[in-house]
Amino acid sequence: MGLVAANQTSPHSTLKSGILPMKARGLCYAPDGDELIRDVSFELQAGPKTMILGPNGAGKSLLLRLCHGLLKPSSGHVTWASANTSQTQKRQAMVFQRPVLLRRSVADNIDYALKLHDIAKADRPVIIDDVLNRTGLARFKVTPARRLSGGEQQKLALARAWACRPEVLFLDEPTASLDPAATHAVEDIVQTMHDEGTCIVMVTHDINQAKRLGDDVMFMHKGQLLEHASAENFFNKPESGEAAAFLKGELRW
Amino acid sequence: MNDISDAFQAALHLLMSFDAGLMEIVGLSLQVSFSAVAVAALIGLPLGAALALFKFPGRGTLIVMLNALMGLPPVVVGLIVYLILSRAGPLGVLGLLFTPTAMIIAQAILVTPIIAALTRQVVADLWVEYAEQMKSLGAGPLRAIPALLYDARFTLVTAVLAGFGRASAEVGAVMIVGGNIDHVTRVMTTAIALEVSKGDLALALGLGIVLISLSLAINAATHAIKHRAEAQWV
């Protein structure tokens, strides 16, 4: 049974209306006066997979956290199509570079997320089994989550996010510390989630990964959004000198 | 030297024969201390977690006070509880003075700051790791508290154990509010103090052996459980 079918009866029925597009206007983030994000504005539409590219220290992860609401901008604002704050938050998920898993079983990690999303207890086992099957983690259902390998832990973090059926999934370099096989598995899951309607916004500094997954690219450098273009345009005809240098591996931090 | 060895032999005899008087005292001691620790844990665990997660004016002062209260002198606590529960005190009508309940109240007051202060530190450390993920999942500090306490369960056992150690070993508070009444409020520590002053070293030593053995047994069992559980749950 697919995830959509499993949830058709009720679990997410109150969360059907969309929260996209998201608009970021004049975002600045300057803790202690140090301007780490400078006047970033963009719009996020449902559909394309957006890759946020840039060198280390460009502010990619900070921008992701500002969009997801984990950080408050020093100035500027992020607005979502839905005025319902609770719904807006529940319809987003984030997967971090280093997965943070609770000290309980694989299934219980997902169960906890579903509980926070007010999914009825009776509905949770079906959803848990479904995402575990689809992420290849079914055999680890009762295993303590922190005993999984790095790749499996990241898959569990994705499964946990997937179970909550987010409209927007933010990913902060989810494959940065994974081997090629695990990276491939994570990318497959991300692609499947996108195919099923989840908007993907992913931070990466891996140009090849951005080429494999990206429909749109946002290029950041020194806290500024220098380019926001389709992946084809960005990789073939970057507009800024910094982006061109980055693609050639010549950009200094 | 003979006195000590004689007392030791007599103490062992009392223990091996499960002397009724000794068992009564041990039973009441356990009942009072376990109850006090249970009450203190019910208050101290959420209180410590809340102090770790919520930011409010005066929080720093409260944390310093809580840490200082870990060293509360038992006789002072006993005196305060005595004044509150005595006939002329605000809760005198309850008639709790010189009852095991009064002893539980006094010990709970002594133990709560210990459990709360240790819990605050443990939960604050865990929150550093969990905060972003919890916020992302939609759990603010209030909703995160049960999960944090559950995930820190093996470390928090040590905090509760420290509280039990404090409760079972103190004599000043229970002496004042319990009155050391035979068959009513006499516990191990007050009995040891009394028997030593009476010169009955055998009973005092027997109780001392039980007290130390109990402490060792609880610590060993907890250590074993914690070690195994931590290895499994990382």
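Predicted model: local features only at pLDDT ≥ 70, side-chain atom pairs only at ≥ 80, totals over all residues.
**Entry 1: a cis peptide bond**

I began with the backbone of chain A. I found a cis peptide bond between L20(A) and P21(A). Its omega angle comes to about 5°. I then asked where P21(A) lies. I placed P21(A) in the loop that runs between helix 1 (3–7) and strand 1 (22–29) of chain A.

**Entry 2: positive phi angles**

I next looked up residues with a positive phi. In chain A I noted D32(A), whose phi is about 55° although D32(A) is not a glycine. The residue sits in the loop between strand 1 and strand 2 (37–44) of chain A. In chain B I noted N180(B), which is not a glycine either and has a positive phi of about 55°. N180(B) belongs to the loop between helix 8 (172–178) and helix 9 (188–198) of chain B.

I then asked of each residue: buried or exposed? For D32(A) I recorded a relative accessible area of 81%, so this residue is exposed. For N180(B) I recorded a relative accessible area of 8%, so this residue is buried.

I returned to D32(A) for the surface of chain A.

**Entry 3: cysteines**

I finished with the cysteines. How many disulfides are there over all chains? I recorded a count of zero. I took C28(A) as one case to follow. The closest cysteine sulfur to that of C28(A) belongs to C67(A), and I noted the separation as 13 Å. A disulfide requires two cysteine sulfur atoms within 2.5 Å, so the sulfur of C28(A) is too far from that of C67(A) for a bond.

C199(A) takes part in no disulfide, and its nearest cysteine sulfur, that of C67(A), lies 11 Å away.

I also looked up the accessibility of these two cysteines. C28(A) is buried, with a relative accessible area of 12%. C199(A) counts as buried as well, at 2% relative accessibility.

Note on methods:
Residues numbered from 1 in each chain as written. Chains lettered and ligands numbered in written order. Heavy atoms only, no water. Helix = DSSP H or I, 4+ residues; strand = E, 2+ residues; numbered from the N terminus. Buried < 20%, exposed > 50% of the residue type's maximum accessible area, 1.4 Å probe, protein only.
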